[in-house]
Amino acid sequence: IPYRSSHHGIEIVDPYHWLKDPGYPEVNEPHVLAYLKAENDYFDYRMAPHQPLIDQLFAEIKGRQPAQDESVPYRKGNFWYRWRYEEGAQYRLWLRASVDDPENWRVILDEPALAAEHDYFALGGMAISANGRYLAWSADTNGSERFTLSIQDLRQDVPLDEPIELTLDSPVWAGDNQHLFYLRLNENWRPYRVMRHRMGRPVQEDVVVYEEEDEAFFVGIDLTQSADFILVTTGDHVTSEVRLLLSSAPTSPMQLICPRRSGHEYDVDHAAGYFYIRSNDQHKNFRLAKTPADTPAPEHWETLIAGSDDHYLTGHLCFKDWILIMQRVAGLEQLRVIPTAQADESHFIAFPEAAYSIDFGTNAEYAANTLRLTYQSMVTPTTVFDYDLRSRELISRKIQEI
């Protein structure tokens, strides 16, 4: 169906404009729904002769998955956390147990029960407050990829405040356990605002902490591993910019670490009074720098690992006494361990095979001496390892059942 529009003197011809429902993400236009039904009917017709093979492949794939599954517990504060799939379930139960009573697991979020109330359900992000009392979680219940944020009092097992619409990713709790930071989406599904919510106050009173006007830049929020700082990040595919504020003073002004410059990417973590910054300002393969927390500007950055043609720094994580750097050397992923007190005495973790893939696992504690990793190779299923940073021992915690 011919359709023409003009923008900035440029004429756009879009013969499929009729498929755009003006009420999206709600789709109610009869001609759009009829077209979708016709496409589904055509698919079913063409695939019907292959149904025996489809059933066989599905049975094989399903047969590789355990009927029940659960994660390795991890500690955060005074609790252990884990998720679990019951037999035949398509959604997870999220559980926790007190450190003082580690065998008494309690459900804090029941995905199967929540999903049963909707035709579609996808869990977005989750965040537990520092004192372990409040759970903030989000879900998409219509497939629009626009998530609604809810807050739960885990002590009294009751919902708090009103749901917050049009969010994305995991929210971040401030250190006072009373302020919650979250992202707001615009009509084009771009996270462009960071909002601050005060517990017990109406959503209409939520404060805009940051708004990104450049339509090419997406906004994100995070918490440093130390939980001392809230990070507000913004960037496109080749440029990034980071602002920070004290988690203990969530209404204080933000501080910009380094103004955006096209092609400059950097990310930040914090440990023991210093910011550790991975930046490509001096080399395309990134360097690792440190700077005192009270002087985060680039002129104070001191190089710990220089950029090099021989290695590519892909990420880092900061514990109280350790800096963990993910890097690629000769095409192979390596994990480098640096004691914060002795930066010149680093070592690489030795893995059991010559070729493999590794990544950081769930590491919720800051003052930790054990690093959780996920590991796999062409012959080894996904394995969860704990690495003792002092004894340099790899301990297998879980191997994916095939």
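The protein exposes about 22500 Å², and carbon and sulfur atoms supply 50% of that area. Accessible areas here come from the Shrake-Rupley method with a 1.4 Å probe, and for residues only the protein chains shown count as cover.

Before I go on, a note on the source. This is a predicted model, in which local features need pLDDT of at least 70 and side-chain atom pairs count only at pLDDT 80 or more, while totals for chains, interfaces and linings use all residues. Residues are numbered from 1 along each chain as its sequence is written, and side-chain values use heavy atoms, with hydrogens and water left out.

Now the overall picture. Taken along the principal axes, the C-alpha atoms fill a box of roughly 70 × 55 × 50 Å. The secondary structure comes to three helices and 31 strands; these are DSSP runs numbered from the N terminus, with helices being H or I of at least four residues and strands being E of at least two. Of the 402 residues in the protein, 40% are buried. Buried means under 20% relative accessible area, exposed means over 50%, and partly exposed is in between, using a 1.4 Å probe and protein chains only. On contacts, meaning heavy atoms within 4.5 Å, I have one figure for the protein. Among contacts with a separation of 6 or more, 33% are between residues 24 or more positions apart.

Next, the cysteines. How many disulfides does a search of the whole structure find? It finds zero. A disulfide is a covalent bond between the sulfur atoms of two cysteines, and the rule used here asks for a pair of cysteine sulfur atoms within 2.5 Å. C258 is buried, with a relative accessible area of 4%, and C318 is buried at 0%.

C318 comes up again in the surroundings of A271. A271 lies in strand β20, residues 266-271, and at 0% relative accessibility A271 counts as buried. Leaving out residues up to four places away in sequence, A271 touches Y276, C318, F319, I323 and Y366. A271 and R261 are 10 residues apart in sequence, and their C-alpha atoms are 26 Å apart in space.

A cavity is a set of points on a 1 Å grid over the protein atoms alone where a 1.4 Å probe fits but cannot get out; a pocket is an open set with protein on both sides within 12 Å along at least five of seven lines; lining residues have an atom within 4 Å of a point. Grid points are joined across faces, edges and corners, and a volume is the space filled by probe spheres set on the points. The count comes to one cavity of 30 Å³ or more. About 40 Å³ of space lies in the largest cavity. Nonpolar covers Ala, Val, Leu, Ile, Met, Phe, Trp, Tyr, Cys and Pro; charged covers Asp, Glu, Lys and Arg; the others, Gly among them, are polar.

On to the second largest pocket. About 310 Å³ of space lies in this pocket. Its lining has 16 residues, and R75, W80, E365, T370 and R372 lie nearest the centre. Which strand gives the largest share of the lining? That is β29, with three residues. Both β4 (74-76) and β29 (370-376) supply at least two residues each. The lining has seven nonpolar, four polar and five charged residues.

Last, some single residues. D161, in strand β11 (residues 158-167), has a phi near 55°, a positive value in a residue other than glycine. D161 is partly exposed, at 30% relative accessibility. R392 also has a positive phi, near 60°, and is placed in the loop between β30 (383-388) and β31 (393-399). A354 is in the loop between β27 (347-348) and β28 (357-360). Is A354 buried or exposed? At 72% relative accessibility, A354 counts as exposed.
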